[in-house]
Amino acid sequence: MKKIRLFFISILIILLMTSVVFAQSDNIRIAMVVKGLGNAFFEACHKGGQEAVEELGGIELIFQGPSTPTAEGQIEIIDSLIAQRVDGIAISANDVDALVPICKRAMDMGITVISFDSGIAAEGRLLHLDPSGAEFIGRSQVKMVADLVDYKGQIAILSASSQHTNQNTWIEWMKEELKEPAYKDMELVAVVYGDDLSDKSYREAMGLFTSYPDLKGIISPTTVGIAATGKAIEDAGKIGEVQLTGLGLPSEMKQYILNGTCEKMALWNPIDLGYSSTYITYKLIKGEFKAEQGEIFEVGRMGQIEIGENNVAVMGEPFVFDKDNIEQFAEIY
Ligand code: RAM
């Protein structure tokens, strides 16, 4: 009797285990790999990814990132995602080249890889999704700071890491824009890197005040950097003396916009960015999108997106935030 019971229990366990395996294999597994954990910008991307999952169904979304934004940390994560045989990876990369070999390996294993936000070189991904045109972002950041400093004096850039593809591309365009005659009385005195870590960014901002006592403005094209710089300006008693602009999350910048530390700044909607990245990865896995230059695809609630040169797809123009609209946007992201 005992033996029969044991037999049935074992059969039950086996059945349960296989149903777990089957249940798992039904879902398409997509990993969103971000620059680093603890960055509210990427938490908003994650939220958008979950919205795509709810809409499309049958997806398990894995959200991962290293504790500090390094390429090494992301390589380790992708290595383990390959071992887990996920179906797709959407990555915001910490380095344009360093991630190419591991992403190539993932693609060789049949995993669909795209980059979003911060890209990897074309050989390492099927396509890259940019939230907004790089040239437009770079040039408009300079226009904003120029407006705030009356087109005169020293300015500096406080970026994320020196390896971050998105910030580096924007900075190249900022330098291009600064060549225009309108900026002849402005001087870019430094580009410093806070590595998308709050404390390092804060220290770099304080360092700028010491090294350049006449500094008039800072562009920080990173949500982590701009919030830390806002705090540094406040703590150093430099509100109104050093102007701040860049790319910031309304929820993190509200106080600095309202108290005049940062009169205006820009950003796109990170929820939409995460939604679109997950949506596109899913459709590529399903074979419904091909990732070919010139292809126009329907990305759910976002409408049509076209794949351009180098297989880069660009979403829309960023929003500009100031005292008039910051409170409304701070509620959303
Ligand atoms: C930070 C990250 C991200 C960038 C935003 C603007 O959160 O560096 O990659 O897109 O800022």
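Author: The secondary structure of the protein comes to 11 helices and 14 strands, where helices (H or I, at least four residues) and strands (E, at least two) are DSSP runs numbered from the N terminus. This is a predicted model, in which local features need pLDDT of at least 70 and side-chain atom pairs count only at pLDDT 80 or more, while totals for chains, interfaces and linings use all residues. Residues are numbered from 1 along each chain as its sequence is written, and side-chain values use heavy atoms, with hydrogens and water left out.

Reader: ok, and how much of the protein counts as buried?

Author: Of its 333 residues, 53% count as buried, and buried means under 20% relative accessible area, exposed over 50%, and partly exposed in between, with a 1.4 Å probe and protein chains only.

Reader: What about the sheet, in which order do the strands come?

Author: Six strands form an open sheet with parallel pairing, in the order β2-β1-β3-β4-β5-β13; two strands pair if DSSP finds at least two bridges between them. β2 (59–64) and β13 (312–314) stand at the edges with a single partner strand each, so one side of each has no neighbour in the sheet.

Reader: Which residue in β3 is the bridge partner of A31?

Author: That partner is I89. Strand β1 (residues 28–33) and strand β3 (residues 88–91) pair in the parallel sense over four bridges.

Reader: Switching topic, which residues come nearest to the ligand?

Author: K35, D117, Q167, D196 and T223 come nearest, out of the 14 residues around the ligand, where a residue is near if one of its heavy atoms lies within 4 Å.

Reader: And how far is the side chain of D117 from an oxygen atom of the ligand?

Author: An N or O atom in the side chain of D117 is 2.5 Å from an oxygen atom of the ligand, and for K35 a polar side-chain atom lies 2.8 Å from a ligand oxygen atom; a polar contact is a pair of N or O atoms within 3.5 Å.

Reader: Last one: where does A40 lie, and which residues does it touch?

Author: A40 lies in helix α2 (residues 40–56). Not counting residues up to four places away in sequence, A40 touches L249 and E252, a contact being heavy atoms within 4.5 Å. The C-alpha atoms of A40 and E252 are separated by 8.6 Å, although these residues are 212 residues apart along the chain.

Definitions and conventions
A polar contact is a pair of N or O atoms within 3.5 Å; within protein, one must be able to donate a hydrogen and the other to accept it, and residues adjacent in sequence count only if both atoms are side-chain atoms.
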